[in-house]
Amino acid sequence: MGRNGRETADPSRALLALGAGVLFAALIFAVNLLLAPAFDATLPTRVQDGLTLTLSVLIESLPFVGLGVILAIAIQVWVPAAWVERVLPRRAWPRRLVLAALGMLIPVCECGNVPFARGLMMRGLTPADTLAFLVAAPIVNPIVIITTHQAFGWSGGILVARVAGGYAVALLIGWVYSRHPDPQALLTERFRLACEDTAEAGGSRFRRSLAQFVIELRAVMPALVIGSAIAGAVQVVIPRSVLVAIGSNPVLSVVAMMLLAVTVALCSNVDSFFALSFASTFTTGSLVAFLVVGPLIDVKMIALLRTTFTTRVIAGISAVVALFAFALGTVMNLVL
């Protein structure tokens, strides 16, 4: 890898990708032979559905990625660093409270929040403070609140539990990683190099904006495509009936909907309507768990987070979110 974070061409990567594609194709045929009775549709139909979902997730996400990149550039290039420091509280807890609530003012889903969060860190915010924003924003943003209300209204406390739960787990994650002795160790080497390049960049603001636009798209788009493809592939190899069959169990239903949230990778702006289709067969707590987990640790979001944070950090975030959502969903099932 070069000093500017660019990777040199490596023919072995093409061979690796080809090999992975061949293995995945073999896996699809093996699963189809072994579990054919468990699927409701034929293999060609499932493949078509998987491709449709891949494209829909990708197309649905692109506008928000673009908006997030534009906001990131605005923060990195056009907004003075001193202004960012001046408007945020100096003390750690109040600062994270404000950053977690900042998502209420930014109508982008999780795809756009990642490049925006990268911009915040390039302006000097700590990884822990940025995580408080990054985890909360996909759930507390205004479009998500509106669509969740349209889908469920005030029924069962789903809207309140989703927003309050998302905000609480964001503060929890921010606090956990604020205790880390070396905050820079939470970030990938490539992102650290990109931060250094941004700090050293010269030229006019327009030239810097264009250069940063290219950097952000190169970082985010491959991850988005891979995450979308994985979400579509899941539709081919995992029978949905297996998940639906356990929807009435107060504990297993929560686990099932959490797994479904991780794999289907829907945008948080529209996932409420998807969850609504399971309302007649799944418990209220499991729906809340789905709505909390999906925007934070689905396969698409994990791929996007990998552009910035290390694998260990992503595993830790996933564990905290999963345990929190499981506890929240189970308690709601037992109380309601």
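User: Okay, so axes are lines fitted to C-alpha atoms, for helices over the stretch in contact, and angles run from 0 to 180 degrees between N-to-C directions. At what angle do H8 and H16 cross, then?

Analyst: The axes of H8 and H16 cross at roughly 145 degrees and come within 10 Å. Before we go on, this is a predicted model, where local features need pLDDT of at least 70, side-chain atom pairs count only at pLDDT 80 or more, and totals for chains, interfaces and linings use all residues. Residues are numbered from 1 along each chain as its sequence is written, and side-chain values use heavy atoms, with hydrogens and water left out.

User: Good to know! What counts as a helix here?

Analyst: Helices (H or I, at least four residues) and strands (E, at least two) are DSSP runs, numbered from the N terminus. The protein chain has 16 helices and zero strands.

User: Back to H8 and H16. Is their crossing left-handed or right-handed?

Analyst: The crossing of H8 and H16 is right-handed. A crossing gets that label if the near helix is turned clockwise from the far one by less than a right angle, and left-handed if anticlockwise.

User: Which residues meet there?

Analyst: On the H8 side, they include Ala-161, Gly-165 and Tyr-177, and on the H16 side Arg-312, Gly-316 and Phe-324 are among them. Contact means heavy atoms within 4.5 Å. By class, this contact has 13 nonpolar, two polar and one charged residues. Ala, Val, Leu, Ile, Met, Phe, Trp, Tyr, Cys and Pro count as nonpolar, Asp, Glu, Lys and Arg as charged, and the others, Gly among them, as polar.

User: And how do H4 and H8 pack?

Analyst: Helix H4 (residues 92-101) packs against H8 (residues 158-178) at about 135 degrees, with their axes 10 Å apart. That angle makes H4 oblique to H8: under 35 degrees counts as roughly parallel, over 145 as roughly antiparallel, 65 to 115 as roughly perpendicular and the rest as oblique. The contact is made by Trp-93, Arg-96, Leu-97, Ala-100 and Ala-101 of H4, together with Tyr-167, Leu-171, Gly-174, Trp-175 and Ser-178 of H8.

User: What angle does H4 make with H6?

Analyst: H4 and H6 (residues 127-140) pack at about 35 degrees, and their axes are 7 Å apart. Their crossing is right-handed. Arg-95 and Leu-99 of H4 are among the residues in this contact, as are Asp-129 and Phe-133 of H6. The class count is seven nonpolar, no polar and three charged residues.

User: What about Gln-184, where is that?

Analyst: Gln-184 is in the loop between H8 and helix H9 (189-200). At 43% relative accessibility, Gln-184 counts as partly exposed.

How values were computed. Buried < 20%, exposed > 50% of the residue type's maximum accessible area, 1.4 Å probe, protein only.
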